[in-house]
Amino acid sequence: TRALDPAVLRRDFPILQRPVHGRRLVYLDSAATSQKPAAVIEALAAFYQRSNANVHRGIHTLAEEATAAYEGARARVAAFLGARDDEIVFTRGTTEALNLVAWGWAGHRLRPGDTILVTLMEHHSNLVPWQQVAARGGFHLRAVPLTADGRLDRDAFSRLLADHRPRVVALAHMSNVLGTINPVAELARQAREAGAVVVVDGAQSVPHLPVDVRRLGVDFLAFSAHKMLGPTGLGVLYGRRERLEEMEPLLTGGGMIRHVELQRSTWADPPHRFEAGTPPIAEAAAFACALDYLARLGMDAVAAHERDLVRYAWERLRQVKGLTLYGPEPEHRGGVISFTVAGVHPHDLAQVLDGEGVAIRAGHHCTQPLHRHLGVVATARASFYVYNDRDDVDRLVEGIERARRLLADA
Ligand code: PMP
């Protein structure tokens, strides 16, 4: 694989040309949302300028072009993941995709007393829907604990599978706080052998690692376009064909039916069964362009670039006085690093860094149970993507040192 040149790639991203507080913008918040290359922004506009129409059943030229763009995007996503076209459901994002599985699959297939297994490192969007569906259906919700260095406790996982025979195992492929990359292929094999359906939150993995759904062997995989160079308002639920056949829709209405009577209706086949109403057509078209961009770089190269950057950042941050790093050593993690600095509140730290043109995130990052476990109310988080380089890490470290001088007591 060819190594990425972030300084060259940055020229593709109009927003990275704008200075912030007089400095070159160092954007270290891609785990929240990534920036978009000009090609993706232009694809969004081009759809409205040339082909805008509603999809499906249209027989005029524009409707046919819009449908081709939308269904072409579905095929593009399927190829990116090694899935079949009819296993790709477009949603509004990861959150909606996980809600669809929780309510549409688990809500209908589980029985009172059944167990759903999540992990302590889940984002709220892979926790709260399971809490809700468990409360409604009388299911038990249990969580896999973590090791001291922020990895899943594999012994506890095996024990929970054996003791509780969960019907669902829902876990993040990569933690948006700890950066931990979970060995999903192995965990999924174990979980499926124990009789569970495996639901993976891929919001932080699909944008950053080569992901092949057959190789992972999971039942469901959810992710968001906006975290991988694509537009907001669009996400993906991959579902193994048999699982999609078993799932009920969350939203009903136009576009998802086969036959409608005044008193009852039947559903279209997946994936359209789960796409009621007018979908995000322009966004899907632009997302195909984002996937082309990533495919040209090569996901192996993207992952290798971030591994290198994380190793560098880890070594530099470790040397900052009073700084605590959370999560495992670089070999087990992706391009997300969360930390605290003694005597400096993460929000104040983020503010000082913003003044230096460095964008990081501070807070609980939608993982309150994890932060409670870590014993902190908030952390600061720097996250990397294809346009970041070692200069960006140096600017981050400089900014943190400045914040320490300004704010750290004594
Ligand atoms: N899961 C993880 C691990 C995430 O990082 C995020 C985004 N912060 C989500 C789920 C939710 O994604 P979205 O807001 O796009 O639905």
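User: What should I know before I start reading?

Analyst: Since you are looking at a predicted model, local features need pLDDT of at least 70 and side-chain atom pairs count only at pLDDT 80 or more, while totals for chains, interfaces and linings use all residues. Residues are numbered from 1 along each chain as its sequence is written, and side-chain values use heavy atoms, with hydrogens and water left out.

User: Let's take sheets. What is the strand order in the open sheet of seven strands?

Analyst: The general idea: strands of a sheet pair through backbone hydrogen bonds, either parallel or antiparallel. Strands here are DSSP E runs of at least two residues, helices are H or I runs of at least four, and both are numbered from the N terminus. Two strands pair if DSSP finds at least two bridges between them. In this structure, the seven-stranded open sheet is ordered β4-β10-β9-β8-β7-β5-β6, with mixed pairing. On average, neighbouring strands are turned by 20° against each other, direction ignored.

User: How many bridges link β5 and β6?

Analyst: Five bridges, in the parallel sense, with β5 covering residues 115-119. One place to look is threonine 115, whose bridge partner in β6 is histidine 140.

User: Which strands does helix α3 lie across?

Analyst: For angles, picture axes as lines fitted to C-alpha atoms, for helices over the stretch in contact; angles run from 0 to 180 degrees between N-to-C directions. Contact means heavy atoms within 4.5 Å. Helix α3 (residues 61-81) lies across β4, β9 (220-224) and β10 (235-239), and runs at about 120° to β4. Helix α7 (residues 184-193) lies across β7 (168-172) and β8 (197-201), at about 155° to β8.

User: What is the pairing in the open sheet of four strands?

Analyst: Antiparallel, in the order β13-β14-β17-β16. The edge strands are β13 (323-326) and β16 (361-363), each pairing on one side only. Neighbours in this sheet are turned by 30° on average, direction ignored. Three bridges join β16 to the antiparallel β17 (residues 379-383), and alanine 362 stands opposite alanine 380 in β17. Helix α12 (residues 346-355) lies across β14 (336-341), β16 and β17, at about 165° to β16.

User: Now helix packing. At what angle do α4 and α5 cross?

Analyst: Two packed helices are described by the angle between their axes and the distance between the axes. The axes of α4 (residues 94-109) and α5 (residues 128-137) cross at roughly 25° and come within 9 Å. Therefore α4 is roughly parallel to α5 (under 35 degrees is roughly parallel, over 145 roughly antiparallel, 65 to 115 roughly perpendicular and the rest oblique). Residues that meet include Trp103 in α4 and Trp130 in α5.

User: And the cores: which residues touch the most other members of the largest one?

Analyst: In soluble globular proteins, nonpolar side chains tend to be buried together. A nonpolar core is a set of buried Ala, Val, Leu, Ile, Met, Phe, Trp, Tyr and Cys residues joined through side-chain atoms within 4.5 Å. Buried means under 20% relative accessible area, exposed over 50%, partly exposed in between (1.4 Å probe, protein chains only). The largest core has 80 residues, and Leu81, Leu221 and Phe287 touch the most other members. Helix α10 (residues 281-297) gives the most to this core, with 13 residues. Apart from it lies another core, of 30 residues, including Leu325 and Val352.
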